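Notebook open, model loaded. I'm jotting down what I look up as I go.

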Amino acid sequence: MKTRRAWRETERQAARKDAAESGVRVSGLLATTAGALRGRIGWALGSVLVLVLGLLGARMFAASENGGTPPDPRARAYKDYDACLLTDERGIVSGAPAAPVWEGMQTAGSDGRIRVTFVPVMGEQSVANARPFLNGLVQRNCEIVVASGAPQVAAAEAAVAKNPEIRFVTVAQEGGAAHDNLVRVAPGLSLKGDITATLRRLADKG
């Protein structure tokens, strides 16, 4: 016959067994629930991602179909030019020989396609002294070099053949050797307008 103590011990063991089995069942249920949630969340996130990518693709396709007016094939692509003026030591002050030349260059550059600068030849006004100043403009990659003043013009025209990629404009009467990259503009009352027209024509030619 079992004693009261033995019965109590048996009940304790049965309680422990039931608790252990309940813990296992709860753990399994929690694990199953967590896995299901993970699966559902992953599926939901994947669905949202696919939907977003589909909307983006449709939008890009619509933009490519209706995206703006195509460029006009008749439109010309213009290039920016640096036009550099070589003057005597008086520069571009009012009354100086180069003043109307500079005014014409500024007008030519008013549309933004031609940037204009000037450099005066300081010191002795001779071809030998003007040559280093001219070489400086060449090294600065001036696409158009304009020369005003006898020494400056002589130095520029001597450099024409050696620099075929540069366009030279000299303020001088017609005469001397002709070159494809040299334009002579005669001094006179129309000098300013002639310089403007010459630079714009050179820029248009590209």
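**Entry 1: strand β1.** I started with β1, where six of the seven residues are buried, so the strand is largely enclosed by the rest of the structure. I'm working from a predicted model here, not an experimental one. Next I checked the strand's partners. β1 and β2 run parallel and are joined by seven bridges. At Thr87, the bridge partner in β2 is Pro120.

**Entry 2: the cysteines.** How many disulfides does the count come to? I get one disulfide. Cys84 and Cys142 form it, with 1.9 Å between their sulfur atoms. The link spans distant parts of the chain: Cys84 sits in strand β1, Cys142 in the loop between α3 and β3, and 58 residues separate them. For the handedness I looked at the angle about the S-S bond, which is -80°, and the link of Cys84 and Cys142 is left-handed. Buried or exposed, these two cysteines? Both Cys84 and Cys142 are buried.

**Entry 3: aromatic rings.** My search for ring pairs gave a count of one aromatic pair. Trp102 and Phe118 make it, edge-to-face, with 5.3 Å from centre to centre and 65° between the planes. I checked that label against the cut-off: edge-to-face takes planes over 60 degrees apart, so 65° qualifies. This pair, too, links distant parts of the chain, with Trp102 in helix α2 (residues 99-108) and Phe118 in strand β2 (residues 114-120), 16 residues apart. I looked up accessibility for both. Trp102 has a relative accessible area of 11%, so it is buried. Phe118 is at 32%, so it counts as partly exposed.

**Entry 4: helix α4.** Which residues of helix α4 (residues 150-159) are buried? My list reads Pro151, Gln152, Val153, Ala155, Ala156 and Ala159. I then asked what covers them, and the cover includes β1 (81-87), α3 (127-139), β3 (144-147) and β4 (167-171). So β1 turns up again, because this strand is among the elements covering α4's buried residues and is itself largely enclosed.

**Entry 5: Arg200.** I found Arg200 in helix α5 (residues 191-205). Its relative accessibility is 30%, so Arg200 counts as partly exposed. Leaving out residues up to four places away in sequence, Arg200 touches Thr107, Ala108, Ser110 and Ile114. I followed up on Ala108: its C-alpha atom is 6.0 Å from that of Arg200, although the two residues are 92 apart along the chain.

**Entry 6: confidence.** Last, I went through the pLDDT values. The chain mean is 78, and 62% of the residues reach 70 or more. Over residues 1-7 pLDDT stays under 50, and the model has two contacts beyond four places in sequence for them. Over residues 63-78 pLDDT also stays under 50, with three such contacts in the model. Where pLDDT is low, the predicted coordinates should not be read in detail. I'm leaving both stretches alone.

Definitions and conventions: Residues numbered from 1 in each chain as written. Predicted model: local features only at pLDDT ≥ 70, side-chain atom pairs only at ≥ 80, totals over all residues. Heavy atoms only, no water. Phe/Tyr/Trp six-rings, centres within 6.5 Å; stacked < 30°, edge-to-face > 60°. Helix = DSSP H or I, 4+ residues; strand = E, 2+ residues; numbered from the N terminus. Buried < 20%, exposed > 50% of the residue type's maximum accessible area, 1.4 Å probe, protein only. Contact = heavy atoms within 4.5 Å. pLDDT = per-residue confidence, 0-100. Disulfide = S-S within 2.5 Å. Pairing = 2+ DSSP bridges.
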